[in-house]
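Please read it alongside the sequence and the structure shown here.

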Amino acid sequence: MFFQLFWTYLKIGTFTLGGGYAMLPLIQREVVQTKGWIDEEEFLNMIALAQAAPGLIAVNSAIFIGWRIGGWKGVCGAVLGAVLPSFLIILVIAMIFADWKELPAVEAAFKGIRPAVVALIAAPLFKLSKSAKLSGWYLLIPVTAALLIWLGRVNPVWVIIATIVSTLLVVKLTINN
């Protein structure tokens, strides 16, 4: 199981730009749809746990899936597969970037990658909102948070605190009714 998890996460880590959130659709396709290691509901729960835990969401999800599928060996394989590509790529970039960072083609490439990364993050959020059966005013929460941070220049820490407080209020009101 070590090598299956290592290979799965190595492929995901190698071909994903944009960090852990951009990896989520690939992780979902591999572990839920292709391999069938967990179901859609468990995947959504794993994402919630991975976000709540300190650390990178890609590593946290690798730990969860690795443990669920192969115990400690699974954790080692999945985490190593998830972080190795990024580590090697960053190492190579750091060694050559200092000489190339001023080139117009390099600057243009980085500007061109940004919108693709936003799309890679937004697409799974919409898909996961459907899977979590979120609709109506619930969808206003992430949209409002993004607009407050982007257009309102509100510090993300305050948005997170407001979201936690409002969520607790909604849960309390829902339980009492």
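## Overall fold

Among the contacts in the protein chain with a separation of 6 or more, 56% are between residues 24 or more positions apart, where contact means heavy atoms within 4.5 Å. The model is a predicted one, in which local features need pLDDT of at least 70 and side-chain atom pairs count only at pLDDT 80 or more, whereas totals for chains, interfaces and linings use all residues. Residues are numbered from 1 along each chain as its sequence is written, and side-chain values use heavy atoms, with hydrogens and water left out.

The protein chain has seven helices and zero strands, and its pattern along the sequence reads α-α-α-α-α-α-α; helices (H or I, at least four residues) and strands (E, at least two) are DSSP runs, numbered from the N terminus. The C-alpha trace spans about 60 × 45 × 25 Å along its principal axes. Of the 177 residues in the protein chain, 28% are buried, a class that means under 20% relative accessible area, with exposed over 50% and partly exposed in between (1.4 Å probe, protein chains only). The chain exposes about 12,000 Å², of which carbon and sulfur atoms supply 73%; these areas come from the Shrake-Rupley method with a 1.4 Å probe, and for residues only the protein chains shown count as cover.

## The largest nonpolar core

A nonpolar core is a set of buried Ala, Val, Leu, Ile, Met, Phe, Trp, Tyr and Cys residues joined through side-chain atoms within 4.5 Å. The largest such core holds 26 residues, and the members that touch the most others are Y9, I27, V31, F43, I47 and I65. At least two residues of this core come from each of helix 1 (2–14), helix 2 (20–34), helix 3 (40–52) and helix 4 (57–100), and helix 4 gives the most, with nine residues.

When residues up to four places away in sequence are not counted, I27 touches Y9, I12, V32, F43 and S61. S61, found in helix 4, counts as buried at 0% relative accessibility, and with the same exclusion of residues up to four places away in sequence, S61 touches Y9, I27, M46 and A50.

## Helix packing

Two packed helices are described by the angle between their axes and the distance between the axes. Axes here are lines fitted to C-alpha atoms, for helices over the stretch in contact, and angles run from 0 to 180 degrees between N-to-C directions.

Helix 2 and helix 3 pack at an angle of about 145°, with their axes 11 Å apart. Helix 2 contributes Y21, L24, I27, Q28, V31 and V32 to the contact, and helix 3 contributes E40, F43, I47 and Q51. By class, the residues of this contact are seven nonpolar, two polar and one charged; Ala, Val, Leu, Ile, Met, Phe, Trp, Tyr, Cys and Pro count as nonpolar, Asp, Glu, Lys and Arg as charged, and the others, Gly among them, as polar.

The axes of helix 1 and helix 4 come within 8 Å and cross at roughly 35°. The contact of helix 1 with helix 4 has 15 nonpolar, eight polar and one charged residues.

## Individual residues

Q28, placed in helix 2, is buried at 3% relative accessibility. Leaving aside neighbours within four places in sequence, Q28 is in contact with Q33, E40, F43, K127 and L128.

R153 lies in the loop between helix 6 (140–150) and helix 7 (156–176). Although R153 is not a glycine, its phi is positive, at about 55°, and R153 is exposed, with a relative accessible area of 73%. Most residues other than glycine have a negative phi.

W100 is found in helix 4 and I113 in helix 5 (residues 104–131); W100 is partly exposed at 47% relative accessibility, and I113 is partly exposed at 33%. The table sets out one C-alpha separation for each of these two residues.

| Residue pair | Separation along the chain | C-alpha to C-alpha distance |
|---|---|---|
| I113 and L17 | 96 residues | 8.4 Å |
| W100 and A122 | 22 residues | 30 Å |
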